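The sequence and the model are shown first.

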Amino acid sequence: PTARGGDPNAPPPSKVLLIGDSVGHNLGLGFAGDIDDSSDIRLWNQGVLWCELIVAPRREKGREQPPSESCANWHQIWGDAVNRFQPDAVAIDVGAWEIFDRKIDGRWVDFGTEEFDQMLSGKLQEVIDTVGVGGTPVALLTSPYFERDDGVSTSEWTQNDRERVDHFNSLLRQVANRPQNQGRVFIIDLGKWLCPDSGPCVDTVDGVKIREDGLHYGPGAKIVAAWLAPQFRELALAHPRRG
């Protein structure tokens with residue numbers, strides 16, 4: 001975890017656990033070293049590369065692809081992290097790998113259908129319940145539009161479908177607004193900050209490219225981290241966990 005300096009008379013630094021997929025992991029790297037903020041947080045990056053909450057074959061660019069197993073035991077990975085770190089707040093950054101159609105029990109379930117929504121919202125709730133123990137506040141980060149480009153492929157990436165991203169962010173808000181999540185689950189609209197008014201996404205800030213491949217954060221992760229850190233601190237202070 002990275003320590004932050006600040007007002008010596010302020011409350012102790014807030015411990016923030018960041019979980020998610022490879023996008024979340026790369027975002028977490030932006031908190032390493034010095035960033036220009038006085039938010040007094042200590043962040044532990046527990047993003048898992050190629051993490052899929054729904055472990056099943058996906059349909060990418062019209063073709064079936066095998067599932068990733070890197071996150072199959074996320075209950076243990078993130079549950080252990082909570083027990084060890086005892087965070088004051090948890091931030092969840094997923095989405096890039098959740099917006100594919102999935103093959104469940106031999107049949108395709110299309111993303112955006114009621115059946116898929118129930119399946120995905122159930123997984124999100126499981127994650128919230130696992131990391132939000134003791135009333136720990138949980139922040140769901142909305143996804144910016146993906147503009148994936150590997151410099152080779154000419155066909156359109158499934159992740160670049162803006163309607164899928166819009167639907168995913170809408171689902172995040174629905175989950176956050178559930179009665180059992182009131183007062184403990186909050187939305188931080190990272191997606192709107194990077195892609196304001198559904199227009200073009202911010203590509204560079206002060207000459208620094210935010211997402212080198214249109215999906216993962218590069219050096220620009222520090223810029224995003226500086227925007228997020230004070231919000232993480234405010235969330236932790238405003239909603240102290242119990243126990």
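Predicted model: local features only at pLDDT ≥ 70, side-chain atom pairs only at ≥ 80, totals over all residues.

1. Residues are numbered from 1 along each chain as its sequence is written, and side-chain values use heavy atoms, with hydrogens and water left out.

2. The protein chain holds six helices and eleven strands; helices (H or I, at least four residues) and strands (E, at least two) are DSSP runs numbered from the N terminus. Of its 243 residues, 50% are buried, meaning under 20% relative accessible area with a 1.4 Å probe and protein chains only. Among contacts (heavy atoms within 4.5 Å) with a separation of 6 or more, 75% are between residues 24 or more positions apart.

3. An open sheet is formed by four strands in the order 4-3-6-7, with antiparallel pairing; two strands pair if DSSP finds at least two bridges between them. Strand 4 (63-65) and strand 7 (107-109) are the edges, each with a single partner strand, so one side of each lacks a neighbour in the sheet. From one strand to the next the twist averages 40 degrees.

4. Strand 6 (residues 101-104) is joined to strand 7 by three bridges, and the two run antiparallel. Arg-102 has Val-109 of strand 7 as its bridge partner. Helix 3 (residues 114-131) lies across strand 6 and strand 7, at about 80 degrees to strand 7; axes are lines fitted to C-alpha atoms, for helices over the stretch in contact, and angles run from 0 to 180 degrees between N-to-C directions.

5. The axes of helix 2 (residues 74-85) and helix 3 come within 9 Å and cross at roughly 30 degrees. Helix 2 is therefore roughly parallel to helix 3, a term for angles under 35 degrees. The contact involves Trp-74, His-75, Trp-78, Gly-79 and Val-82 of helix 2, and Glu-126, Val-127, Thr-130 and Val-131 of helix 3.

6. Val-48 is placed in the loop between strand 2 (41-47) and strand 3 (58-60). Val-48 counts as buried because its relative accessibility is 12%. Leaving aside neighbours within four places in sequence, Val-48 is in contact with Gly-20, Asp-21, Ser-22, Ser-70, Cys-71, Ile-77 and Trp-78. Val-23 lies 25 residues from Val-48 in sequence and 8.9 Å from it in space, C-alpha to C-alpha.

How values were computed
Parallel < 35°, antiparallel > 145°, perpendicular 65-115°, else oblique.
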